[in-house]
Amino acid sequence: MSKSFLEVDGLSKVYPDGEGGLLTVYEDIKFSLEKGEFVCIIGHSGCGKSTILNVLAGLDEATSGNIVMNGKEVVGPSLDRGVVFQNYSLLPWKTTLNNIVFAVQARWPTWSKEKVREHSERYLKMVGLDHALQRKPSQLSGGMRQRVSIARAFATQPELLLLDEPFGALDALTRGVIQDELVKIWEETRQTVFMITHDVDEAILLSDRIFLMSNGPNARIAESVKVDLPHPRARSTIFQNPNYHKTRDYLVDYLINRSESALPGPDGTPRVVEPAKGADGSEGGTNDSNSTAKAVNA
Amino acid sequence: MASLNVRAALLSISFLILALGLWEMSTQPPEADQNLTEYEMLMGGVEQESRVPPPSAVIKLAWEELSNPFYDAGANDKGIGIQLGYSVYRVLTGYLAAMAIALPVGFLIGMSPLMYKALNPYIQVLRPISPLAWMPLALFIIQDSDASAIFVIFICSIWPMLLNTAFGVANVRQDWINVARTHELGHFRTALTVILPAAAPTILTGMRISIGIAWLVIVAAEMLVGGTGIGYYVWNEWNNLDLASVIFSILMIGVVGMLLDLALGKAQKLVEYTE
Ligand SMILES: Nc1ncnc2c1ncn2[C@@H]1O[C@H](COP(=O)(O)OP(=O)(O)O)[C@@H](O)[C@H]1O
Ligand SMILES: [Mg+2]
């Protein structure tokens, strides 16, 4: 079996539950990512998505299991894995430009000042912020701050980009605009992205595959849903494709009716589902996606 | 309608005129037709020293002193500028020495819970000691009054800086530390480029408190050790019963203290940020 770009195997996270016992947030998480993929992960609040992402980022440690990226074990944070946090995490005493410069300098310490600046400005331009270079984060709206944060992550050209509900704190209109920007910057760069979201439409717009988690505790990544929609995608036209609705119905049904008890396949990897084809791709699947899709359409 | 600033300034000036007027009137010499005791007549009128000098006398003296602040006519007769200069020099020397210790140690305590726990008991015991209580020990060990005064400044200004640095460093938002970690910054670069600017406003607050305390303490310290400095000057003029000079130097202590505070306030503005 050929190794994927990122291999996650047997990951679990146990916390003390505050009453002297233990709480297994998730267990036996097993999945892989290919280079250049955009994968979203959806699951109910508290199932452990952020913890998984933090473990991938190296900011947190799993209780068991291992992560291998490019054939190397992942230990601790690294510039190879860029992170966009939900709360932006910009350094408030630096200007927009200097927040990016800070990251670019860390990535390429030998670059000249001019080169660093030019590179940083290019990425700020990609998110439409070249007019706000000298402003401090406190002078930017939430949407603009998140754009800076996205530009910072893309500017360091990590091998894997991790996004934790990057648009969770934004209003719907702003979120839409920045989703378009993310589509654009991703089409330009084709970074490998692993993103948490709770927004089904967002996941469909952006991803090649969507991981579905079961509810915690003892959460698993139960299914891997293929999004069969051509690139480049646009928010304004994507819903014209029938596959969009099939995928959306499938996801919504999962979240409403099946996330409680869903399980991965017998080998521990997520069941592969292709709602566009109207069938459950993995053998031995317990679900019937045709009937569930209807249930949501009603 | 005049702006708030203009109205405030007018009101301030009226208060000043009112206060000076009341002061001037309450310090008028008694009426000439009042019956004088024999002793008073012998002394040439009412005893001069028993009265607080009127503001006009203080202003006249201030004018003289400030028009030649740096004259030096022997040990007990130096201009106010020279005396203040000595005090400021001692304060700054002790303060900078305290800074050189407090900032690194504060960083260490703030970053390491182990060091915090290990050093905290000493800090808690040493901090409430009045800085002047160290004076005898300092005089005995250092054997030099000037250095002892500086030591007292050092010991009194170290605590606010130390504690604020430790507090500021310990409370840097984890998000920003995570930014440093995901960008693979080493410990030193993290401390310099993330923790220091993040904690700077808290540290500067400590430094501002320290300079205030140092300026309070130097007057008392110089009264004890004598020789030079504004504290010594006040005490010396009191011994000379020259109350106009005493009042004038009290005002100068206030002015210099205010300037020191303003300088630190400016520095504080420089490192401030809004989240
Ligand atoms: N530091 C911690 N100590 C104890 N429990 C934690 C800690 N961090 C997260 N948890 C628990 O882990 C679970 C998953 O949290 P999280 O990963 O933030 O969920 P999600 O991002 O999917 O909403 C939650 O039930 C939460 O209570
Ligand atoms: Mg989360």
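**Reading a two-chain model**

Mentor: Let us begin with surface. Chain B exposes about 15,800 Å², and carbon and sulfur atoms supply 69% of that area. Accessible areas come from the Shrake-Rupley method with a 1.4 Å probe, and for residues only the protein chains shown count as cover.

Trainee: What should I know about the model and its numbering before we continue?

Mentor: This is a predicted model, in which local features need pLDDT of at least 70 and side-chain atom pairs count only at pLDDT 80 or more, while totals for chains, interfaces and linings use all residues. Residues are numbered from 1 along each chain as its sequence is written, chains are lettered from A and ligands numbered from 1 in the order in which they are written, and side-chain values use heavy atoms, with hydrogens and water left out.

Trainee: How many helices and strands does chain B have?

Mentor: Helices (H or I, at least four residues) and strands (E, at least two) are DSSP runs, numbered from the N terminus. Chain B has eleven helices and zero strands. Its radius of gyration is 25 Å, well over the 19 Å that the globule rule gives for 275 residues, so chain B is more spread out than a compact globule. The radius is taken over C-alpha atoms, and the rule is 2.2 Å times the number of residues to the power 0.38. The C-alpha trace of chain B spans about 90 × 65 × 35 Å along its principal axes.

Trainee: How many helices and strands does chain A have?

Mentor: Chain A has eight helices and twelve strands. Its radius of gyration is 20 Å, close to the 19 Å given by the globule rule for 298 residues, so chain A is as compact as a globular protein of that length. Along the principal axes, its C-alpha atoms fill a box of roughly 60 × 50 × 40 Å.

Trainee: What percentage of the residues of chain B count as buried?

Mentor: Buried means under 20% relative accessible area, exposed means over 50%, and partly exposed lies in between (1.4 Å probe, protein chains only). In chain B, 40% of the 275 residues count as buried. In chain A, 55% of the 298 residues do.

Trainee: Where is B:Ser249 placed, and with which residues is B:Ser249 in contact?

Mentor: Contact means heavy atoms within 4.5 Å. B:Ser249 belongs to helix 11 of chain B and is buried, with a relative accessible area of 0%. Apart from neighbours within four places in sequence, B:Ser249 is in contact with B:Ile80, B:Ile230, B:Tyr233 and B:Val234.

Trainee: How are the charges of each chain arranged?

Mentor: Lys and Arg count as positive and Asp and Glu as negative; His and the chain ends are not counted. Each charge is placed at NZ of Lys, CZ of Arg, CG of Asp or CD of Glu. Chain B has 13 positive and 21 negative charges, whose mean positions are 20 Å apart. In chain A, with 33 positive and 38 negative side chains, the centres of the two sets lie 7 Å apart.

Trainee: How should I read the backbone angles?

Mentor: Most residues other than glycine have a negative phi, and most peptide bonds are trans. A:Tyr88 has a positive phi of about 70° although it is not a glycine. A:Tyr88 lies in the loop between strand 6 (81-84) and helix 2 (96-107) of chain A, and is buried, with a relative accessible area of 13%. B:Leu241 also is not a glycine, and has a positive phi of about 55°. B:Leu241 sits in the loop between helix 10 (230-239) and helix 11 (243-271) of chain B, and is partly exposed at 46% relative accessible area.

Trainee: Which peptide bond is cis?

Mentor: The bond from A:His231 to A:Pro232 is cis, with omega near -10°. A:Pro232 is in the loop between strand 10 (221-226) and helix 7 (242-258) of chain A.

Trainee: How is the size of an interface expressed?

Mentor: The size of an interface is often given as the accessible area lost when the parts come together. Buried area is the accessible area (1.4 Å probe) that two parts lose on being put together, summed over both. Between chain B and chain A it is about 1,700 Å², of which carbon and sulfur atoms give 66%. B:Arg181, B:Thr182 and B:His183 supply 33% of the area that chain B buries against chain A, more than any other three residues. In terms of contacts, 17 residues of chain B meet 21 residues of chain A.
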